[in-house]
Amino acid sequence: MTHERRQDRSENPCLAGDLYLRAVAQRTGLEHLTLATHEGLLLAGAGDKDLGNRVAAVAPMYVEEPASLRAGLIDELTDGQPMQVWRVTVRDRPFYLIGFGTLTDMSEEVQDAFDRIFARPSQRTAN
């Protein structure tokens, strides 16, 4: 019996991003994953959406100006778990992928998946 690699799919890029991040979180053992814009907005996430919005809002400051964050804020958000941030590019724009839980390396596969998920519809069918 052949199993399809992804059981959950969507043509809606944001929902597809959520589904993909859920699969990555399960595979890597991360408790939470959020894809945030450079402006601090949630684009996709695996886990609680309210938490995802808060993590997305903090990500740019965490990366660019960590000293400007209130002491203990990250520990409060992550419930004491380590927080990791990876920079990804989607349609030539910078984004942050934020995860917390088990420390892990994020593979280039994630960048490729976001390129595919958020490609313009004409580019998606061409690939």
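In what order do the four strands of the open sheet stand? The order is 2-1-4-3, and the pairing is antiparallel; two strands count as paired if DSSP finds at least two bridges between them. Helices (H or I, at least four residues) and strands (E, at least two) are DSSP runs, numbered from the N terminus. This is a predicted model, in which local features need pLDDT of at least 70 and side-chain atom pairs count only at pLDDT 80 or more, while totals for chains, interfaces and linings use all residues. Residues are numbered from 1 along each chain as its sequence is written, and side-chain values use heavy atoms, with hydrogens and water left out.

- As a general rule, strands of a sheet pair through backbone hydrogen bonds, either parallel or antiparallel.

**Strand 1 and its partners**

- Seven bridges join strand 1 (residues 30-37) to strand 4 (residues 93-101) in the antiparallel sense.
- Along this pairing, Leu33 has Gly99 as its bridge partner, and His32 stands opposite Phe100.
- With strand 2, strand 1 pairs over four bridges, also in the antiparallel sense, and here Leu35 stands opposite Ala44.
- The hairpin of strand 1 and strand 2 has four residues between the strands, and Gly40 there takes a positive phi near 95°.
- Seven of the eight residues of strand 1 are buried, leaving the strand mostly covered; buried means under 20% relative accessible area, exposed over 50%, and partly exposed in between (1.4 Å probe, protein chains only).

- Helix 2 (residues 49-64) lies across strand 1, strand 2, strand 3 and strand 4, and runs at about 115° to strand 4.

**A look at Arg22**

- Arg22 sits in helix 1 (residues 13-28) and is partly exposed, with a relative accessible area of 41%.
- Arg22 and Ala44 are 22 residues apart along the chain, and 9.8 Å separates their C-alpha atoms.

Definitions and conventions:
Contact = heavy atoms within 4.5 Å. Axes fitted to C-alpha atoms, helices over the stretch in contact; angles between N-to-C directions.
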